[in-house]
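Visitor: I'd like to learn how to read a protein model feature by feature. Could you walk me through one?

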Amino acid sequence: MLDPNPVMSWWNAPHLYMVLVGLAGIVVWHVIPQRLSTTRLIVQIAFFLTMSVLLLDGAVVPYQPTGGNDITAEAILVGTAKVLWWIHLAWALIGFVRIYLVFERKPREARLLQDLVVGIVYVGMLLSIFAFVFGAPVGTLIATSGVFAIILGLALQNTLSDVFSGIALNLGRPYVLGDWIVLSDGTEGRVVETNWRSTHLLTLAHNVVALPNSFLAKLGLTNVSSPEESHGLSVTIRLAPTKMPAVVADVMNAVLQSSNLILKEPPPVVAIKGLDATAIEVALFFRVANVGQRIPARNEIFDLVYRHSKSAGLPLAMPPSSSIFMSSLPSEETENLPRVTPIKLINAIPIFSALTDNEKEALAATATVRTYRKGDIIARQGEMLPSLMVVRAGVIVRERGDDDAHPQEIGHLAPGDFFGESGLLAGIGETSTLRAMSHVVVYEIDQQSFAPLLLDRPEMAEDLAAILSARMSTFDESGTTGQQHTRSKFALLKAMHKVFHAVPFRRVLSADRQGAQEGRKP
C-alpha cells in the first residue's frame, strides 16, 4: 500500500533532523568567538556526536558510498547529512590541532605546523565527501589529476617557490618582525611584515620594499638586530704625518670620548691602519644603540674629528689618488698650521652671530686663557658662571647626580663648544657638573667685556635672548621640564636686564612685552 502523503513521510524522517542539527552546528560555530577556542571545541564535539547518533539511528553510514542512482528528496537529505557530518568531523579535528598542537616558546613554528595539518584535514574531508557522498572514484581522480598537477605546478612554479621558501624562512627564523636586515645586494631595512609569499622591509627612505621569499632565501642575509639592537660601525680617517702616531691615536681617542651618540660599553677602539710618507691612516671602531643612530653618529664623529684635528694641529691628508709632489708633502718639521685664535672660535658660535666683525674682534681681544688638569671640576651643577667659556682643546664631560662617586654622564663638550652663556647673559646656574676628562684649555669672556656691546646696541639683547631661549628649550639634558629650560624670550630679557642693569633695555623690553601679549591673543 502506497503512502498517501509521500512528502510527509520523508519530512518526518530522522534525516531531516540530521540536516537541521548539522546546520545549527555551523551557525553556533560562527557565533562563538575565536578566542573561546576550548568552548568552540566542546560545542563542536557535542554536535558531531549528536549527528553520529542520528546517523546510526537512521541506518546511515557516512563512510560508505550511497547506493542507487535515483535522485529523490530522501537521497538529497541523506547526502546533505553526510556532508555536514564530514564537515563537523573536520572542524572537531581542527579544534584539537589548534589547542593541543603547540611548541613551547615557539609560537611561529606551532602556527606553521597547525596550518599544514589543517590543510591536510580539509583535503581529506573533500576527498571523503567526493568518495562517500557522490561516489566518485577518488583513486582514479587522483591518478588522472597527476598530469593536471604537473601542469599547474609548472604554471605556479614561482609562487610555489615563494611559498616553500617562506616555510623554510619561518622555520629557520633568521629574522623576526622588527629586525633590521641587510642583504648581500645592498638592500636593507626593518622587517615590518612577513607572509607565505613575501617579506616587506621598511627602508631608511621610509619606503616599503616587498621581496619574494624565494629571492630572499637565495641571498646572503645579515641580521644587524641580533643578538642585540646595538650596531657596530667603523670610520677611516687619513691625517697628514705631522705628528707621531701615538699623538694621533690620543687625539682620535679624545674624539670618541667627546661623542654623545656612541656607546661607551663596549669601549670604542682606535687602530692605526697604515703609515707612509703621505698619511697616517686611522680606523675608529664604535657602536651605536640601534641602526637608526648610524647616520647621526657618523656625522658627529666626522665633525669631532675635524674640530679635534684643528685644535691639535693635525691637518687632513690628501686623498691617495691625488697627484702631488713628494717635496710638497707636509711633515712634522715643515708643516706650519694656522693657530687657533679666540676670534676663530667666536665666529663659529651661533650665539654671537648677531655681532658685527668689529664687535667680534673687540670681544676676542678681551678673552683670557684658562687651563684645567684631568679630573678638575670646572663648574658644579647649579653654580653660575659669570663668563662665557669657549673650549680651545680637550674634552669636558657633563655629569649629573647627587653621588659624587658615581655621577651620571649626560654629554660631552669638544673644541669649539661653549658653556657658561646662561650665567653670562641671564644669571642662570649650570644645569650639570662640568669635569675635565683630559687637559683642557678654554677661552674666557667675562661680563665686563661683554657689557659695552649691549650698551652700544641694546636691540642686540633681543637677538641674543631669542638664540639663548631656543638653545635652552632644545638642550634639555635631564629629560624633565624645569623652569630653567622653559623660560620665554621675554623672561630671558628681564633676566638679562637684571644682570646688565646699566644697559637701557626699556625700549626693547616694552616692545617684546607688547609682542608677547599680542601672541597670547586668540
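Visitor: Which residue does the side chain of Glu399 meet in a salt bridge?
Guide: One thing before we start: this is a predicted model. For a salt bridge, look for a side-chain nitrogen of Lys or Arg within 4 Å of a carboxyl oxygen of Asp or Glu. Here the partner of Glu399 is Arg435, with 3.0 Å from N to O. Glu399 sits in strand S12 and Arg435 in strand S15, so the bridge ties together parts that are 36 residues apart in sequence.

Visitor: Is Glu399 buried or exposed?
Guide: Check the relative accessible area, where under 20% is buried and over 50% is exposed. Glu399 comes out at 7%, so it is buried. Arg435 has 23%, which means it is partly exposed.

Visitor: How many salt bridges does a search of the whole structure find?
Guide: Five. Another one joins Glu444 to Arg370, with the closest N and O atoms 2.4 Å apart. Glu444 belongs to strand S16 and Arg370 to strand S9, so parts that are 74 residues apart in sequence are tied together by this pair. As for cover, Glu444 is buried at 12%, while Arg370 is partly exposed at 38%.

Visitor: Which residues are linked in a network of salt bridges?
Guide: Asp303, Arg307 and Asp417. Take the Asp417 and Arg307 side chains, which meet at 2.6 Å, N to O. Asp417 is in the loop between strands S13 and S14 and Arg307 is in helix H10, so this pair ties together parts that are 110 residues apart in sequence. Asp417 is partly exposed, at 22% relative accessibility.

Visitor: On to the greasy side. Which residues have the most contacts inside the largest nonpolar core?
Guide: To find a core, you follow buried nonpolar side chains that join up through atoms within 4.5 Å. In this model the largest such core has 27 residues, and Met18, Leu55, Trp85 and Met125 have the most contacts inside it. Helices H2, H3, H4 and H5 each supply at least two of its residues, and the largest share, 11 residues, comes from H4. There's also a second, separate core of 23 residues that includes Ile262, Val270, Leu304 and Val305.

Visitor: What is Leu55 in contact with, leaving aside its neighbours within four places in sequence?
Guide: Met18, Val60, Pro62, Ala81 and Trp85.

Visitor: Are Phe48, Trp85 and Trp86 buried or exposed?
Guide: Buried: Phe48 has 15% relative accessibility, Trp85 has 10% and Trp86 has 11%.

Visitor: Now the backbone. Which peptide bond is cis, with omega near -5°?
Guide: The bond from Glu265 to Pro266. Look for Pro266 in the loop between helix H9 and strand S7. While you're checking torsions, glance at His206: its phi is near 65°, a positive value in a residue other than glycine. His206 is in the loop between strands S3 and S4 and counts as exposed, at 63% relative accessibility.

Visitor: And zooming out, how many helices and strands are there?
Guide: The protein has 17 helices and 16 strands. Of its 522 residues, 39% are buried. The accessible surface comes to about 29,000 Å², and carbon and sulfur atoms account for 60% of that.

Methods:
Residues numbered from 1 in each chain as written. Predicted model: local features only at pLDDT ≥ 70, side-chain atom pairs only at ≥ 80, totals over all residues. Heavy atoms only, no water. Buried < 20%, exposed > 50% of the residue type's maximum accessible area, 1.4 Å probe, protein only. Helix = DSSP H or I, 4+ residues; strand = E, 2+ residues; numbered from the N terminus. Contact = heavy atoms within 4.5 Å. Areas by Shrake-Rupley, 256 points an atom, 1.4 Å probe, with all protein chains shown as cover.
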